[in-house]
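Me: I have a protein here and want to walk through it with you. Can we keep it quick?

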Amino acid sequence: QYEGWPVTVSQMANYSRKPVGYLPKLVVTGMDDPVIRVIEAASGESHYVIRANGNTFEPAVFDLQQDYHVWVGDPDSGEAKMLEDLRPMEKPGRTLNVAF
């Protein structure tokens, strides 16, 4: 109804925090569009939950001094894996394969 519509906005564009580091890029096989939950290891606090668009996702984090757990799965089927004690790096580049 308006020129330039519809407008497409990425999920992460709606998140105002700027990342300071990255966890390994996740390459998921055996599951389409998995849900990713980034959890601070020490406190157990979830920083964000997002459904990946495809089979890859590179989690961004907001504190380089913390380790993180990453939950990868499908809440509907109950299939999931927990990747524990991941240390962030300032620049992206590492890859971690997650097979279901």
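**Overall picture**

Reply: Of the 100 residues of the protein, 32% count as buried. Buried means under 20% relative accessible area, exposed means over 50%, and partly exposed is in between (1.4 Å probe, protein chains only). This is a predicted model: local features need pLDDT of at least 70, side-chain atom pairs count only at pLDDT 80 or more, and totals for chains, interfaces and linings use all residues. Residues are numbered from 1 along each chain as its sequence is written, and side-chain values use heavy atoms, with hydrogens and water left out.

Me: How many helices and strands does the protein have?

Reply: Zero helices and nine strands. Both are DSSP runs numbered from the N terminus: helices are H or I with at least four residues, strands are E with at least two.

Me: And what box do the C-alpha atoms fill?

Reply: Roughly 50 × 30 × 25 Å, taken along the principal axes.

Me: What share of the contacts join residues at least 24 apart?

Reply: 60%, among contacts between residues at least 6 apart in sequence. Contact means heavy atoms within 4.5 Å.

Me: New topic. How much space lies in the largest pocket?

Reply: About 270 Å³. Of the 16 residues that line this pocket, S10, Q11, M12, I50 and F57 are the closest to its centre. The search uses a 1 Å grid over the protein atoms alone, with a 1.4 Å probe; a pocket is an open set of points with protein on both sides within 12 Å along at least five of seven lines, and lining residues have an atom within 4 Å of a point. The volume is the space filled by probe spheres set on the points, which are joined across faces, edges and corners.

Me: Which strand gives the most to that lining?

Reply: β4, with three residues. β4 (46–51) and β5 (56–57) each supply at least two.

Me: What kinds of residues are in the lining?

Reply: Nine nonpolar, four polar and three charged. Here Ala, Val, Leu, Ile, Met, Phe, Trp, Tyr, Cys and Pro count as nonpolar, Asp, Glu, Lys and Arg as charged, and the others, Gly among them, as polar.

Me: OK, salt bridges. How many does the structure hold?

Reply: One. The side chains of D67 and R87 meet in it, at 3.0 Å from N to O. D67 is in the loop between β6 (60–61) and β7 (68–73), and R87 is in the loop between β8 (80–86) and β9 (95–99), 20 residues apart. A salt bridge needs a side-chain nitrogen of Lys or Arg within 4 Å of a carboxyl oxygen of Asp or Glu.

Me: Why does D67 count as partly exposed?

Reply: Because its relative accessibility is 25%. R87 is partly exposed too, at 43%.

Me: Now H69. Buried or exposed?

Reply: H69 counts as buried, because its relative accessibility is 15%. H69 lies in strand β7. Leaving aside neighbours within four places in sequence, H69 is in contact with several residues, including V38, M82 and D85. A polar atom of the H69 side chain lies 3.1 Å from the backbone nitrogen of D85.

Me: What about the phi of D85?

Reply: It is positive, about 55°, although D85 is not a glycine. D85 lies in strand β8 and is partly exposed, at 49%.

Me: And what is the phi of D33 near?

Reply: Near 45°, again a positive value in a residue other than glycine. D33 is found in the loop between β2 (25–29) and β3 (35–40).

Me: Last one. Which form does the peptide bond from W5 to P6 take, cis or trans?

Reply: Cis, with omega near 0°. P6 is found in the segment before β1 (21–22).

Conventions
Polar contact = N/O pair within 3.5 Å; in protein donor to acceptor, adjacent residues only side chain to side chain.
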